[in-house]
Amino acid sequence: MASRPAGVDMGERRTQTTAGTELTDGDGERLLDRLVDDLADNRARGPAPRGPITAVGLCVDERHPSLPGRVRVQVESGGHVTQAWIPSLAHLVVRTGDRVLVQGVENWPEPIVTGVLDGYAPVEAPAAREAATLSLRADECVTIRDDRDRPLLEIRCGAQGPELRLAQPDVALEVPGKLTMRAGAIKLESTIGDVEIDAVGDVRVRGELIELN
């Protein structure tokens, strides 16, 4: 049997599966052996060589207690129900309850979660997780500068709430598609020059009362 990759901690906590197969958490190598053996039994032939194998499993736990990137997958094959912690592809978002595609390859001793199957349940976009937090006092701000050390953007706590200040005198805001600004109230104020509105198409102004001064 192929040796495990160096530096991979398979853990010591054990789980009793419904078919009586006891696997150490993280022992994806035994899970791959089980899938290969079941494939051989289903095809009524001798022991199958370790090699490419594909199965559909169910993610029963999305967070390994110590190894990021591993999810606990339950696979039913040949009348056996087996669970193991196995790695997933980088940047693949797997949630508990997802049906996942599990694949084994010839030169790796354990299977890999390579995808999430769609179409079995309503899918909601995962909520954004807070990646970093920065606390600002009243006299502090966050500044973004260019390669010449000139300030471009400042974020600070103002007297009436957060303030976003573009530090350069001329600023261009461009988007390739539609730009929508939405707030409880909107005020546009020009302190020095005129206000100009240019449009290729029509300009529509809607409101209960329109005041022109």
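# Pocket, strands and salt bridges

Author: About 1200 Å³ of space is found in the largest pocket, where a volume is the space filled by probe spheres set on grid points that are joined across faces, edges and corners. This is a predicted model, in which local features need pLDDT of at least 70 and side-chain atom pairs count only at pLDDT 80 or more, while totals for chains, interfaces and linings use all residues. Residues are numbered from 1 along each chain as its sequence is written, and side-chain values use heavy atoms, with hydrogens and water left out.

Reader: What makes a set of points a pocket and not a cavity?

Author: On a 1 Å grid over the protein atoms alone, a cavity is a set of points where a 1.4 Å probe fits but cannot get out, whereas a pocket is an open set with protein on both sides within 12 Å along at least five of seven lines. A residue counts as lining if one of its atoms is within 4 Å of a point.

Reader: Which residues lie nearest the centre of the largest pocket, and how many of its lining residues are nonpolar, polar or charged?

Author: There are 17 lining residues, and Met 181, Ile 186, Leu 188, Val 195 and Ile 197 lie nearest the centre. The lining divides into 8 nonpolar, 1 polar and 8 charged residues, where nonpolar covers Ala, Val, Leu, Ile, Met, Phe, Trp, Tyr, Cys and Pro, charged covers Asp, Glu, Lys and Arg, and the others, Gly among them, are polar.

Reader: Why is Arg 72 called buried?

Author: Its relative accessible area is 7%, and buried means under 20%, exposed over 50% and partly exposed in between, with a 1.4 Å probe and protein chains only; Arg 72 is therefore buried. This residue belongs to strand S4 (residues 70-77), where 7 of 8 residues are buried. Helices (H or I, at least four residues) and strands (E, at least two) are DSSP runs, numbered from the N terminus.

Reader: What makes S4 and S5 a pair of strands?

Author: They run antiparallel over 8 bridges, and two strands pair if DSSP finds at least two bridges between them, so S4 and S5 qualify. Val 75 stands opposite Thr 82 in S5, and the hairpin of S4 and S5 has 2 residues between the strands, with Gly 78 in the turn at a positive phi of about 60°. S4 also runs antiparallel to S3, joined by 3 bridges, and there Asp 61 has Arg 72 as its bridge partner.

Reader: Why is the contact between Glu 62 and Arg 95 called a salt bridge?

Author: Their closest N and O atoms are 3.6 Å apart, and a salt bridge is a side-chain nitrogen of Lys or Arg within 4 Å of a carboxyl oxygen of Asp or Glu, so this pair counts. It links distant parts of the chain, with Glu 62 in the loop between S3 (53-61) and S4, and Arg 95 in the loop between S5 (80-87) and S6 (99-104), 33 residues apart. Glu 62, at 22% relative accessibility, is partly exposed, as is Arg 95, at 26%.

Reader: What makes Arg 70 and Glu 110 buried, and how far apart are the closest N and O atoms of their salt bridge?

Author: The closest N and O atoms of Arg 70 and Glu 110 are 2.8 Å apart, and the pair links S4 with the loop between S6 and S7 (112-116), 40 residues apart. Arg 70 is buried because its relative accessible area is 8%, and Glu 110 is buried because its value is 2%.

Reader: How do you know whether Arg 150 and Asp 146 are buried or partly exposed?

Author: Arg 150 has 39% relative accessibility and so counts as partly exposed, whereas Asp 146, at 17%, counts as buried. Their side chains meet in a salt bridge of 2.7 Å, N to O. Elsewhere, salt bridges that share partners join Glu 154, Arg 156 and Arg 165 into one network, and the whole structure has 8 salt bridges.
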